[in-house]
Amino acid sequence: MDFNALYHANFKLFDDAVTDWWTLVKHLEDLKKDAENGLHQAANKADWAGVNAQVSKEFIGKTAGEFGDAHTQASTIHDILSDTRNELKSYHTQLTEAVTRGQKKGMTVTSGGQGGFTVSGTTRPDWASDPSGNTSAVSQKDVEGLRDEIQGILDKASESDDSAKTVLTALADQSKMGFSDARYTSRDAAADAVKEADELARLAKKDPDDLSVKDFDRLNAGLKKYHDDPLFSERFATDLGPKKTLDFWAGLSDAYRGNYDVKHERLDQFDDLQRNLGLTLAHATQSDSAAMTDWKRQMIDIGDKPVDGNRGGPMGFQVMSNLMRTGDYDDQFLKDYGTRLMATERKLTGNGSHENLLWRFSGGSSWLNRIGDDSGNDPLTGYLKGLSNSPDAATDFFNQQYISKDDPDNPFERDTDGNGRKGKVSLSNFQYLFEERGWPQETDSHGEDLFTGQNNLALALEAATTGHPAGELPTADTPAHDAGQAKLMENIVKSVSEDPKRLTGHGYMSDSMGQIAAEYMPDINRGLHAGFGSDKALFPIAGTAATLGDRDLTRFLYTVGQNPEGYAAVNLGQHSYTTQLMQHHFEHPDAYMGDKSFSQAENLKQGTEHIARTAGQIEGLIGAGRAYQGELDGGAKDAEYNAAIENLGTWGGTAVGIGVGMATEPLTGPGGAIIGDVAGTAADEIIGKITEGAMKDSSGEVIYRNGEQFQDTSDSTYKMVELAARKAGENTGHRYPLIEASVATAAQDGFDTAGNNVGHYLQGEGIPRQLDTEED
């Protein structure tokens, strides 16, 4: 800090700047409220269709969010400036008081070159006395004392000024466009985050063999505390650098290297460190700073190279992918990373013609993953888990081409036109991973086969098709399905239809497939409904509809229904969609058909019968799958179905919760027709009865009876649609007894259609006999 600058400081401009920022904060707070309450909520309630449903609603939501981020960043900047201004004022006061005291003692402080200063005065030796009382003579100790005091004040002022510059620059660098959501209530909080990042990066740069238990604890605790801090995460990642990041985790995970103390005393905490490090790096990749941009590029560049250079060891992709299992990584980074990762996969497998032996766990491999049972040597396992948290990147990745049919080294041939002759085919990443890849085999500590990679594939597909992270539930802000998501859904249904063993042979994927089907219930209803001209009005869809055929849907739903978790997800999704869709049409009786040749009640009856018929067909398909599997298992799986429905019962109560995006009004929502709270609607009561009924026997008035015979499923469906029609009438103030009486017959027709389709498309295997009623 320049002596003259602080001593002669005029803080009026600084005061004005702080005041102006406070004024801006207040204005942005008002704009934030207007954007949220006016723009955002209005957009969620608007009746979007077509391109608007895919683009406008999402754009408005993001724009409204920018006002919030702008308010957050302005508040942070104001607080930092205010803190710095107050501190510099304090140092200015301390400096002027020190100079004044010196003058009273006969010392003079003058400014020197390059911002320095000099303390001078008529001095006497420290041992000499001045009996005459002459104050013009001061001791050398006094001069040095004043000099040190002033220098200390300037040093503190410099530290205050420099830390403000550092954190303000870091904040500005976080986002090239738009605003950062980083929030700090003081300059010291931001400065502490940056300082901690530098110190922890220094520890992580050490040779892993030299890391002490104390170092490990400090790193783990620090990353846990700060992994969501924007300034910390970016600073830590860029200080450490891509290469050192890989060296750190690879070295610490290597069972054949030293550092006995850490591995002996802290092995049970390696999973926590992996999580915290992954979360930190994920948050760091969201930064647009020049240093972080370079970090991402370098990390991808060294992905296909051994971490230990010429000494071998795991590849960069193998190490980094395990750190992607936690956190939400930047979409573009994941896309670029995935492109290079699949290029490496093609290189090491002969374009997919054989297994990737280099990524199979062996006796000399490192145990790169500490979260779960798999070793982490297959980088696709960790990468796919990362995609499950980043829906947009996942959609892009699965729709990318893996190999072209024109590639001379393409090993994949199929009979695509049914003429008995095979030809080269192009494959997407989805097709390669779901249909063709030879996954490296692993076993757990009990010798049981592990399928973590394929399970993570299913989770990533769930995110890619639904638009929200796997395992989470869509919200009012979840965008409507876009063309890429719909295309992937079509490919999933077609793939399972072509070869059901792709799913039945991997039952652990069925929970995700069931969730996907639940969130595409409007598209499925359209696909199964006979007729085309009125589908849009009967089954409204926001966004791009997936085009799904009757044959493929029959085989797909039948296959998903064979698994308890898959069955439960589709069952709840279908019931909720049907009940809420009925209520919508009762509230808007002209929405489907407004034929003036018939009464409004007659038009409504026609629409609700179509809805009930399609509901019966869906229940018939998954019920047939369940019944067939029950016959194979002798009824032994019934408890699993009960448990699956009980677990999924937490969906009940809101349409958003069950992932269908349905409510009564308005026509918007993720993947489907409508979204909102269903309290007081038909679904509000019925969902509760479905989950309640799963835990009871077939007696009483419970809507869902989880019995051991196929007939129970059909009876439950008929009662469900009857109750849905009655509740819809009650909630809209006008019951239609004729409609209530007719929907069960329509549902029965749908059930019969399902049986016929199973016979046509599955050679009758799903037409169940009496199930074995023997109890477990």
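This is a predicted model: local features need pLDDT of at least 70, side-chain atom pairs count only at pLDDT 80 or more; totals for chains, interfaces and linings use all residues.
Residues are numbered from 1 along each chain as its sequence is written. Local features need pLDDT of at least 70, and side-chain atom pairs count only at pLDDT 80 or more, while totals for chains, interfaces and linings use all residues.

Let's start inside. A cavity is a set of points on a 1 Å grid over the protein atoms alone where a 1.4 Å probe fits but cannot get out, and its lining residues have an atom within 4 Å of a point. Four cavities of 30 Å³ or more turn up.

| Feature of the second largest cavity | Value |
|---|---|
| Volume | about 120 Å³ |
| Lining | 13 residues |
| Lining classes | four nonpolar, six polar, three charged |

Nearest the centre of this cavity lie Thr 381, Pro 440, Glu 442, Thr 452 and Gly 453.

Now to the helix pair. The axes (lines fitted to C-alpha atoms over the stretch in contact) of helix 24 (residues 550–560) and helix 31 (residues 737–761) come within 10 Å and cross at roughly 95°. The two helices are therefore roughly perpendicular (65 to 115 degrees). Helix 24 brings Asp 550, Arg 551, Thr 554, Arg 555 and Tyr 558 to the contact (heavy atoms within 4.5 Å), and helix 31 brings Asn 757, Val 758 and Tyr 761. These residues divide into three nonpolar, two polar and three charged.

Finally, Ser 428 belongs to strand 8 (residues 427–428). Not counting residues up to four places away in sequence, Ser 428 touches Phe 398, Gln 400, Gln 401 and Tyr 402.

Conventions: Side-chain values use heavy atoms; hydrogens and water are left out. On a 1 Å grid over the protein atoms alone, a cavity is a set of points where a 1.4 Å probe fits but cannot get out, and a pocket is an open set with protein on both sides within 12 Å along at least five of seven lines; lining residues have an atom within 4 Å of a point. Grid points are joined across faces, edges and corners, and a volume is the space filled by probe spheres set on the points. Ala, Val, Leu, Ile, Met, Phe, Trp, Tyr, Cys and Pro count as nonpolar, Asp, Glu, Lys and Arg as charged, and the others, Gly among them, as polar. Axes are lines fitted to C-alpha atoms, for helices over the stretch in contact, and angles run from 0 to 180 degrees between N-to-C directions. Helices (H or I, at least four residues) and strands (E, at least two) are DSSP runs, numbered from the N terminus. Angles under 35 degrees count as roughly parallel, over 145 as roughly antiparallel, 65 to 115 as roughly perpendicular and the rest as oblique.
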